[in-house]
Amino acid sequence: PAVGIVEIASGCMSECTFCQTKISKGDLQSYRVGDIVRQVKTEISDGCSEVWLTSTDNGCYGFDIDSDLPELINSVVEIPDKFFVRVGMMNPMYMPRIRDNLLKSFDSSKVFKFLHVPVQSGSDKVLNDMKRGHTASTFRDVVNQFREKFGKFTISTDVIVGFPTETEEDFEMTMNLLRETKPDIVNLSRYSQRPGTDAAEMVQIDVAEVKRRSKIAYELISDISRENNQKWVGWKGQVLFDEEFENQVRGRNFAYKPIFVNEEPKIGQISSVEITEATNHSLIGRITN
Ligand code: SF4
């Protein structure tokens, strides 16, 4: 395999009112930096050229063992082999605490210029009802700071529409936040009641209304990702072909953009590619070397 998945912790420090994962995974338990580095080395010696650092919430990694995510990334990228690191999902609430060091950790050319920071809503009132521990501005700042420093930088986020207390105005705030920050990837979910969660006890929004909002959000997200992807047409650079996706080998560039080519690359191959077309979901190019 080209991709090695390394779990860095289990559980999280939050209690988001819509979340069932917390109920099953419990509180944060970070694995030790040394153990993770050893695991990454094993993945590399098994032939992986890309390693994903994943957990329930990477943002709070290490807070229970007197460490943090930037320290972990710095230790991982010290491994001398040629490989890439994809840093997994993190709740933006910890960004003010780790951001400056994280920006420095991302200087390493081994780290994909990619962040997955789920914002969930653009309304601070809804975020408060979700007990997310961050505001819309926390997310806005992350997007601005990483894009400002690195230029081409992929932002992935998650949005829930139809949370029980979301009014039409709150929904519009989410749409406006997406229009403003233009995330490259938005994983859109329609809110659904999860047994055992606090939000399940709240008065729910009519399903048809949730669907209506979801449709509007979906269209906006498609427009934004097409517009973002269009900016890559003409880009030339190295691509690592790392995964098979729908019977085609998919590649990733430094910003973890998904790239397909007409040639038939092998998994693990690194090639120079020029991007010739863009769709809503991916970039299409040709191998130039
Ligand atoms: S949404 Fe994420 S951060 Fe919030 S409780 Fe669930 S797992 Fe933890």
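Because the model is predicted, local features need pLDDT of at least 70 and side-chain atom pairs count only at pLDDT 80 or more, whereas totals for chains, interfaces and linings use all residues, and side-chain values use heavy atoms, with hydrogens and water left out.

View 1. The protein chain is divided into domain 1 (3–230) and domain 2 (236–287), with bounds that come from an automatic or database domain assignment. Their C-alpha centres lie 24 Å apart, and 19 residues of domain 1 are in contact with 17 residues of domain 2, where contact means heavy atoms within 4.5 Å. The area buried between the domains is about 1500 Å², of which carbon and sulfur atoms give 55%; buried area is the accessible area (1.4 Å probe) that two parts lose on being put together, summed over both. Glu-50, Phe-112 and Asn-229 supply 32% of the area that domain 1 buries against domain 2, more than any other three residues.

View 2. The rule finds one salt bridge across the interface of domain 1 and domain 2, a salt bridge being a side-chain nitrogen of Lys or Arg within 4 Å of a carboxyl oxygen of Asp or Glu. Lys-257 forms a salt bridge with Asp-184, and the closest N and O atoms of this pair are 3.3 Å apart. On the side of domain 1 that touches domain 2, strand E4 (50–54), strand E5 (84–87) and helix H8 (207–230) each supply at least two residues, with helices (H or I, at least four residues) and strands (E, at least two) taken as DSSP runs numbered from the N terminus. The largest share of that side, five residues, comes from H8.

View 3. Glu-166 lies in the loop between strand E7 (154–161) and helix H7 (168–181), and its relative accessible area of 3% makes it buried, a word used for values under 20%, with exposed over 50% and partly exposed in between (1.4 Å probe, protein chains only). The side chain of Glu-166 reaches the backbone nitrogen of Gly-162 at 2.8 Å. Leaving aside neighbours within four places in sequence, the contacts of Glu-166 include Val-126, Phe-171 and Arg-213.

**View 4. The salt bridge of Arg-213 and Glu-168.** The side chains of Arg-213 and Glu-168 meet in a salt bridge at 4.0 Å, N to O. Arg-213 lies in helix H8 and Glu-168 in helix H7, so the pair ties together parts that are 45 residues apart in sequence. Arg-213 is buried, with a relative accessible area of 5%, whereas Glu-168 is partly exposed at 37%.

**View 5. The salt bridge of Arg-286 and Glu-274.** The closest N and O atoms of Arg-286 and Glu-274 are 3.1 Å apart in this salt bridge. Arg-286 lies in strand E13 (residues 283–287) and Glu-274 in strand E12 (residues 270–278), so the pair ties together parts that are 12 residues apart in sequence. Arg-286 is partly exposed, with a relative accessible area of 41%, while Glu-274, at 18%, counts as buried.

How values were computed. Residues are numbered from 1 along each chain as its sequence is written. A polar contact is a pair of N or O atoms within 3.5 Å; within protein, one must be able to donate a hydrogen and the other to accept it, and residues adjacent in sequence count only if both atoms are side-chain atoms.
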